[in-house]
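Try each task before you read its solution.

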Amino acid sequence: MQREPSFNSQLATLPVYVPGRPIEEVAREHGLDPATVIKVASNENPLGPSPQAVAAMQRMLASVHLYPDGSAFHLKERLAARFGLVPGNILLGNGSNEVLEMIGHAFLGPGTEVVVSQHCFAVYPIVTALFGAKLVTVPAWPDFGADIEGMLAAITPATRVLFLANPNNPTGNLVSREDISRLLAGVPAHVLLVLDEAYLEFLDDPVDCLPLLRSEVMPNLMLVRTFSKVYGLAGLRLGYGMAVPRVISGLEKTRQPFNINSVAQAGALAALEDSAHLEKTRQNNRDGLAFFHAAFHGMDLSYVKSYANFVLVRVGDGAGVFAYLQKHGVIARPMGSYGLGEWLRISVGTPAENQRCLELLKQAIAAVR
Ligand SMILES: Cc1ncc(COP(=O)(O)O)c(C=O)c1O
């Protein structure tokens with residue numbers, strides 16, 4: 001006789017997402033003052049949230065006894081206006097991770113396939129496995145760049161979704177303009193092309209795919225973005241997808257009624273207006289990337305030139321260096337779960353954080369060697 005409920009079979013092999021470690025937890029574990037610990041593990045905004053967003057969220061707190069507007073009318077209107085779209089083009093998620101999961105609900109199941117590039121964002125394989133679909137991973141180029149021709153060639157009649165982050169996490173590299181054009185032209189109509197643009201706002205001259213949605217010439221294109229990175233609102237959990245209204249209304253069926261809380265809606269609306277904070281964040285990131293690129297070059301360490309807000313660097317014993325840094329109050333991200341055990345991913349911090357991180361990294365590499 002069966003003694004316990006049985007799990008769905010796909011859970012047996014479901015990959016587990018390993019997040020960056022929280023400051024409080026690391027401080028407790030190593031007997032450190034949390035105020036002295038810095039986290040460069042999750043590609044958050046080191047300048048914090050927009051002060052205008054904080055004020056708007058504080059105002060909203062007095063109304064949290066009420067359910068939020070489940071349709072997030074104002075936020076969708078504002079996003080649509082900003083991008084020259086209509087609200088029916090926008091799907092909001094509890095983090096863009098939820099948008100990725102809704103794509104799974106709507107399009108994936110046993111017998112379907114998903115195409116990704118090697119070293120892709122960890123959530124794509126998780127969503128694929130969660131819905132019992134088959135993951136087809138196309139080897140990346142030696143510089144970690146996605147092989148776009150290879151990804152197109154991996155598409156079969158069973159393929160439902162192709163996920164590609166640009167810039168990519170955890171590598172930080174950028175798909176060229178030519179490769180994006182090749183992908184847009186080559187992806188067949190039965191495949192939803194999901195371009196994950198979580199880090200797009202850090203680019204000076206991003207490829208703009210929005211015209212393809214405005215004109216509805218590409219009904220199988222979905223752009224995914226987030227308030228967690230450049231907007232500094234990771235803790236609120238808010239992301240969005242943009243596609244033609246037919247795709248969005250299908251995905252909306254899979255959405256929980258109140259998935260975007262009222263504080264998040266208020267914070268996001270205010271953050272969208274704070275262009276000064278956005279520009280400060282972008283400048284800090286440009287400076288931080290230049291700092292790390294130059295430093296790693298000077299140290300003769302291999303690194304991937306980054307277009308996002310973090311840098312992937314080869315440190316040798318990634319787990320050992322991570323542990324050393326952590327013991328001394330700097331939380332970076334080990335890459336073992338991405339199959340990159342010799343590498344570490346370091347998010348751009350403030351100038352002082354970058355400096356401290358680099359000094360400690362030099363010590364760590366010497367100590368662990
Ligand atoms: C490429 C990419 N997509 C999506 C996400 C998910 O972000 P969120 O769920 O916080 O919006 C991340 C977060 O690190 C990411 O790197």
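The exercises below concern a predicted model.

**Exercise 1. The domains**

Find out how the protein chain is divided, and state how far apart the centres of the domains are.

Solution. 
- Start with the bounds. Domain 1 covers 9-48 + 276-368, and domain 2 covers 51-273.
- Now take the centres over C-alpha atoms. They are separated by 24 Å.
- Next, count who takes part in the contact. Domain 1 supplies 29 residues and domain 2 supplies 32 residues.

**Exercise 2. The area between them**

State how much area domain 1 and domain 2 bury between them, and which residues of domain 1 lose the most.

Solution. 
- The size of an interface is often given as the accessible area lost when the parts come together.
- Here the two domains bury about 2500 Å². Carbon and sulfur atoms carry 66% of it.
- On the domain 1 side, the most area is lost by Arg282, Tyr307 and Tyr338. Together they make up 24% of what that side buries.

**Exercise 3. Polar links and elements**

Count the salt bridges and polar contacts between the domains, then describe the domain 1 side.

Solution. 
- There are 2 salt bridges between domain 1 and domain 2.
- Asp204 and Arg282 form a salt bridge. Their closest N and O atoms are 3.6 Å apart, and the cut-off is 4 Å.
- Polar contact joins 10 residue pairs across the two domains.

**Exercise 4. The ligand**

How many residues surround the ligand, and which are the closest?

Solution. 
- The ligand is surrounded by 13 residues. The closest are Ser96, Asn169, Asp196, Thr226 and Ser228.
- Check Ser96: a polar backbone atom is 2.7 Å from a ligand oxygen.
- Check Tyr199: an N or O atom of the side chain is 2.7 Å from a ligand oxygen.
- Check Ser228: an N or O atom of the side chain is 2.6 Å from a ligand oxygen.

**Exercise 5. Backbone exceptions**

Locate two cis peptide bonds and a positive phi.

Solution. 
- Most residues other than glycine have a negative phi, and most peptide bonds are trans.
- The bond from Asn166 to Pro167 is cis, with omega near -5°.
- The bond from Asn169 to Pro170 is also cis, with omega near 20°.
- Pro167 lies in the loop between β5 (159-165) and α7 (177-186).
- Asn43 has a positive phi, near 55°. Look for Asn43 in the loop between β1 (38-39) and α2 (51-60).

Key
Residues numbered from 1 in each chain as written. Predicted model: local features only at pLDDT ≥ 70, side-chain atom pairs only at ≥ 80, totals over all residues. Heavy atoms only, no water. Domains from an automatic or database assignment. Contact = heavy atoms within 4.5 Å. Buried area = accessible area lost by both parts, 1.4 Å probe. Salt bridge = Lys/Arg side-chain N within 4 Å of Asp/Glu carboxyl O. Polar contact = N/O pair within 3.5 Å; in protein donor to acceptor, adjacent residues only side chain to side chain. Near = heavy atom within 4 Å. Helix = DSSP H or I, 4+ residues; strand = E, 2+ residues; numbered from the N terminus.
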